[in-house]
Amino acid sequence: MPESVQPSLRRVPDWRLLLSHPAHFLSLGLGSGLMRPAPGTWGSLASWPLYLLMAHWLTPMQIVWACLPLFVLGVFCCARTGKALGVVDHGAIVWDEMVACWLLFALTPAALWSQLLALLLFRLFDISKPWPIRWLDARMKNGFGVMLDDLLAMLFAWVVHILLWPRLLPLLPH
């Protein structure tokens, strides 16, 4: 049955769910997905200091490569949590935003303003879901779809960042 017919199957995520299984802990963004309002934004913001921590030990290219297994892990974790919540792409599931942001941060200059621009662009494309992101999001209702639409939003953000960053750099405070 469609989600709208069975609202009783929906769960409100809380700390008990977060801590009940490692898949939920990851897919709920280590707890950042439980924050309101705009859990996707909170998950994206939480990814930034975690990226900086990773960047302390790994090169950007190593982080890019690490995002591949993290993406695959996210497919399974997000599917499990979506099933537990009764909504495939529940707003509290933010692992997809986190992995996409880590990849985006690794592909952009390490400067504060560059990464802030990257984060803002990612949120713009993740929220607005331009074609083909919206099309894909409406059709792929599984863990892979949850992860893939954010990967596409990251690609949109990366391309726009590549175009904007050289033009914005001279205007920013040093």
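Helix α6 supplies the largest share of the lining of the largest pocket, three residues. Helices here are DSSP runs of H or I with at least four residues, numbered from the N terminus. The model is predicted, so local features need pLDDT of at least 70 and side-chain atom pairs pLDDT 80 or more, while totals for chains, interfaces and linings use all residues. Residues are numbered from 1 along each chain as its sequence is written, and side-chain values use heavy atoms, without hydrogens and water.

The pocket has a volume of about 210 Å³. A pocket is an open set of points on a 1 Å grid over the protein atoms alone, where a 1.4 Å probe fits, with protein on both sides within 12 Å along at least five of seven lines; lining residues have an atom within 4 Å of a point. The volume is the space filled by probe spheres set on the points. Of the 15 lining residues, Asp89, Gly91, Glu97, Asp126 and Lys129 are the closest to the centre. Two or more lining residues come from each of α3, α5, α6 and α8 (143–168).

Lys129 lies in the loop between α6 and α7 (133–139). Lys129 counts as buried because its relative accessibility is 16%, the limit being under 20% with a 1.4 Å probe and protein chains only. Its side chain makes a polar contact (N or O atoms within 3.5 Å, one able to donate a hydrogen and the other to accept it) with the side chain of Asp149, at 2.9 Å.

Helix α3 (residues 39–57) includes among its buried residues Trp48, Tyr51 and Met54.

Key
Buried < 20%, exposed > 50% of the residue type's maximum accessible area, 1.4 Å probe, protein only.
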